[in-house]
Amino acid sequence: MSQSPQDNYCFNDIIQDASCVRCGELEETCLHSFRDCEEVATFCRGLGCDNWHGFFLNVDVKEWESLGIRLGGTLFLASLWMLWFNRNKLVFKGESVHVWQQCLSAKHLANSIENVFHSPTRNSRTPLWVGWTTYDSDAFVLNTDGSVIDGKAGFGGIIRFHDGSWCHGFYGSLDQADVIEAELVGIYQGLRLCRQLGIAIVHCQSDSKVAVHWVLEGVAPSHRYGNPVELIRRLLSLPWDASIQHVLREGNGCADILAKKGELRLRV
């Protein structure tokens with residue numbers, strides 16, 4: 001059996017423990033590092049590797065690598081790099097990265113590699129992987145949305161800790177509002193709630209380009225939505241670290257669900 005990565009490090013007195021830093025197994029073989037560790041297996045399933053026939057068979061490393069390249073191609077190679085990179089980050093810096101964030105990063109890397117070597121003669125579109133992004137440990141992230149269906153308007157949002165875990169959620173309904181107004185009210189109510197919770201650093205995200213543009217650039221006092229835009233700008237200008245940015249709709253799914261729930265609730 002080949003020597004495990006951890007054994008090499010111990011031999012050179014880099015680290016003192018040869019067990020897996022992810023799950024604590026006694027022997028961290030190559031297959032354990034890249035496939036069989038429980039955390040890594042969750043990562044592989046998140047990429048859809050469980051649909052690759054024979055991927056989890058008990059074979060030697062070289063045979064498994066050949067199988068992975070044949071079944072997964074660029075995504076398989078990108079996943080190996082991402083697993084090794086994040087494993088070393090945990091070993092040497094003590095920094096842990098969520099499995100779902102590792103999956104998204106591996107897909108982004110595979111995308112970038114394929115774009116570099118993409119043949120210009122092909123007429124194919126490469127999918128864009130969209131997901132929620134982590135921030136610094138002191139920051140909170142506010143995602144907001146507005147929704148109008150069959151004349152019923154609602155708004156909603158979610159406040160998350162820097163690592164994506166749930167902190168707070170909200171939603172409400174509006175009378176006779178269009179979707180832009182619902183978006184603006186969602187942003188305002190979300191920022192207002194952040195202030196009430198005593199949050200000092202918040203990154204607000206909305207999938208409405210128009211609403212974000214108006215908030216960042218401002219509008220005339222006579223503008224139809226001048227009042228909600230001004231209220232939001234005043235909140236952002238208070239003594240705290242608050243910002244707003246546009247995100248794609250596919251990365252704002254939780255806020256969208258809450259906004260739709262708001263259509264069925266009482267007016268706030």
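## Worked exercises on a predicted model

**Exercise 1.** Leaving aside its neighbours within four places in sequence, which residues is Ser-206 in contact with?

*Solution.* Let's begin with the list: with those neighbours set aside, Ser-206 touches Thr-144, Glu-183, Ile-187, Val-212, Gln-245, His-246 and Val-247, where contact means heavy atoms within 4.5 Å. Helices (H or I, at least four residues) and strands (E, at least two) are DSSP runs, numbered from the N terminus. Finally, Ser-206 has 0% relative accessibility and therefore counts as buried; buried means under 20% relative accessible area, exposed over 50% and partly exposed in between, with a 1.4 Å probe and protein chains only.

A word on the basis: the model is predicted, local features need pLDDT of at least 70, side-chain atom pairs count only at pLDDT 80 or more, and totals for chains, interfaces and linings use all residues. Residues are numbered from 1 along each chain as its sequence is written, and side-chain values use heavy atoms, with hydrogens and water left out.

**Exercise 2.** Find where Arg-22 lies and say whether it is buried or exposed.

*Solution.* Arg-22 sits in the loop between α1 (5-11) and α2 (30-36). Its relative accessible area is 15%, so Arg-22 is buried. For its partners, skip the neighbours within four places in sequence: Arg-22 is then in contact with Ser-33, Cys-37, Glu-39, Val-40, Leu-83, Asn-86, Arg-87 and Leu-90. Cys-37 is 15 residues from Arg-22 along the chain, and their C-alpha atoms are separated by 7.5 Å.

**Exercise 3.** At what angle do helix α4 and helix α5 pack?

*Solution.* Take the geometry first: α4 (residues 61-72) and α5 (residues 74-93) pack at about 125 degrees, with axes 6 Å apart. Axes are lines fitted to C-alpha atoms, for helices over the stretch in contact, and angles run from 0 to 180 degrees between N-to-C directions. The two helices are therefore oblique to each other: under 35 degrees counts as roughly parallel, over 145 as roughly antiparallel, 65 to 115 as roughly perpendicular and the rest as oblique. Now the residues: α4 brings Trp-64, Glu-65, Gly-68, Ile-69 and Gly-72, while α5 brings Thr-74, Leu-75, Phe-76, Leu-77 and Leu-80. The contact of α4 with α5 comprises six nonpolar, three polar and one charged, with Ala, Val, Leu, Ile, Met, Phe, Trp, Tyr, Cys and Pro counted as nonpolar, Asp, Glu, Lys and Arg as charged, and the others, Gly among them, as polar.

**Exercise 4.** How do α8 and α9 cross?

*Solution.* The axes of α8 (residues 209-217) and α9 (residues 226-236) come within 9 Å and cross at roughly 60 degrees. That makes α8 oblique to α9. From α8, Trp-214, Val-215, Leu-216 and Glu-217 take part; from α9, Val-229, Ile-232, Arg-233 and Leu-236 do. Sorted by type, the contact of α8 with α9 has six nonpolar, no polar and two charged residues.

**Exercise 5.** What is the phi of Asp-150, and what is that of Gln-176?

*Solution.* Phi is near 55 degrees for Asp-150 and near 50 degrees for Gln-176. Most residues other than glycine have a negative phi. Asp-150 lies in the loop between β1 (140-149) and β2 (152-161), and its 77% relative accessibility counts as exposed. Gln-176 lies in the loop between β3 (166-174) and α7 (179-196), and is exposed at 81%.
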